[in-house]
Every structure is written in structure tokens, then in C-alpha cells.
Amino acid sequence: MDTARSYGRAEEFLASWLAGREVPDVVVGSKWGYTYTAGWQVDAPVHEVKDHSLGVYERQLGETRELLGDRLDLYQIHSLTIDSPALRDTALHRRLAELAASGVTVGFSSSGPRQADAIEAALAIEVDGRPLFRSVQATWNLLEPSAGPALAAARAAGCQVIVKEALANGRLAVSGSPASPASPASRAEAGPGFGALLEVAAETGATPDAVAVAAVLRQPWAGVVLSGAATTPQLGTNLNGTRLELAPGQLDRLAALAEPAEAYWQQRAALPWT
């Protein structure tokens, strides 16, 4: 279960769900570093404030612990980028190492066109001769695969790799199926290689979102792939990707969807739902 301090009341909702169920196999991860400030107003001028300081870590860890207690398995720096002071704050590193020593996996998520640089810099951080971070969460999808080599290096270093935005914030979940292809507008929105996605979907009898999920799962370094499903039918088609086998030739054709990282992140920022 992936949540964060800045996801509104998400930790509270998750805590209430856990409290009423026996679910010992659920892994609970949360993130710190952003503070939600919108007050439930969609048109608020500022929705969240980013701050990777030691003070914010201490405050938000306390808030997370108050809700999730000892169910917290993974605690991540939220959206660590190459310019974040968290990469250089040795006092913060020591406090994070103390959390790791208590049994909580310490990790980070990353975003933006320089994800690979941030991952490389973070993996080099050690406290008392031991690597600090044991988990990496990053964006990888058919449109934005640039972090792949860095994620492979993270896995080789013993880190858990968590993939977010496998469907490119919905761009790879546009309407379209083998029986009902996506519209030209949907193809243009998804990217110039969207035709290959529909072709592979037709060949496998799967929906485009299942193909996109399967493509992530075929990466040898991928450990956990998060679903951004908002409805039960969406979750069902996402899960079909776990059972879908893609041939090497199909993966080669899907590689045509890849966009330059800068262009991908610019378009992501312009999406009306993000």
C-alpha cells in the first residue's frame, strides 16, 4: 500500500482500513517531504509544499507513526531530485539510519527527467559504512524508460525497486481495445508509437493498460509495480497484465512509444488531471 503525508487523509484512511482487518501480508509504505496545504480546495493556489529538511522529517514521521504505528514497513523521501538538500544533509542521513535500524526500510521516490542522476547520487550515500537507502521508487513506463539503467543498478545493489506511473498518469490507459481501437486524438495524446500498443493488445487479446503493465513487469529489475486504478474494472484490467506474457519482438515494437525525457515530463505537467 503506497501512501504519503501529502496525500490528503490517505494515511488516516489506510490506518482505519488496517484496523478492521487481519492482513499481516500487506506491506505499508509512506513518504515524507511534502506538506498538503490545499485545504480540500481544488483551486487552491498551492496544493503542497516540498521541504526535505530534518525538521520536516521529524514532524512528519511523528504524524505517520501516530496513524500507522508499527504497521509502517517502508518510509521514503518524497520525490528526491538531484537538487534536493536531502542528498547532502548528514544529520538527516543519521536519523534515517536510526529509523532503518529499528526495522523500517528507508528509501526514496524520484521524479523528473533527471531521475537517473538522483538515483545514482542517493545510492552512493552511506552511514557508518552501510548504504542508507534500500528501496527506490521511480517512474518507468513505455513512454518514459530513461531511468531503466539506474533502476537496474539499484536492484543489483540490493535495493527493492518500486515502479510508479506504469500507465504514464493515464496516457497509456486511454480507451481502446482490440475490438474498439482508440480514437486518433487518443493516439496523439499517448504518443507517436501508440499504434504499436494497440497492435500488441490485439495480438494478445488484452487491453492497452494490461500490455503497459506487462511491459514493466518484464523488466528484470522491477520488483513492485504500483497500480493507479481508481475503479474496480480498472484494477481488473491492470491485474491482467500480471498474467500476460509478451514476446521479445512485441517488446521491441513497444519501445517505439518512448519519448525524450524532457518532453515527457513537460507533457505530464500539462495534463489537466495532474
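Contact here means heavy atoms within 4.5 Å. The model is a predicted one, so local features need pLDDT of at least 70 and side-chain atom pairs count only at pLDDT 80 or more, while totals for chains, interfaces and linings use all residues. Numbering starts from 1 along each chain as its sequence is written, and side-chain values use heavy atoms, with hydrogens and water left out.

Take Asn 238, which sits in helix H9 (residues 232-240); helices (H or I, at least four residues) and strands (E, at least two) are DSSP runs, numbered from the N terminus. Asn 238 is buried, at a relative accessible area of 8%, where buried means under 20%, exposed over 50% and partly exposed in between (1.4 Å probe, protein chains only). Leaving aside neighbours within four places in sequence, Asn 238 is in contact with Leu 167, Asp 209, Val 213, Ser 227, Gly 228 and Ala 229.

Burial also picks out one side of helix H4 (residues 115-123), whose buried residues are Gln 115, Ala 118, Ile 119 and Ala 122. Viewed down the axis of H4, these fall within an arc of 100°, so they line one face of the helix; the arc is that of the directions from the helix axis to the C-beta atoms. An α-helix has 3.6 residues a turn, so residues three or four places apart point the same way. The buried residues of H4 pack against strand S5 (105-109), strand S8 (135-139), helix H5 (148-156) and helix H11 (261-270).

On the aromatic side, a search of the whole structure turns up six pairs. Rings of Phe, Tyr and Trp (its six-membered ring) pair if their centres lie within 6.5 Å; planes under 30 degrees apart count as stacked, over 60 as edge-to-face and the rest as tilted. Trp 140 and Trp 221 make an edge-to-face pair, 5.7 Å centre to centre with 75° between the planes. This pair ties together distant parts of the chain, 81 residues apart: Trp 140 is in the loop between S8 and H5, and Trp 221 in the loop between helix H8 (208-217) and strand S10 (224-225). Both Trp 140 and Trp 221 are buried. Elsewhere, ring pairs link Trp 32, Tyr 57 and Tyr 75 into a cluster.

Most residues other than glycine have a negative phi. Trp 40, in the loop between strand S2 (34-36) and strand S3 (48-50), has a positive phi near 65° and is exposed, with a relative accessible area of 57%. Ser 79 also has a positive phi, about 60°, but is buried, at 10% relative accessible area.
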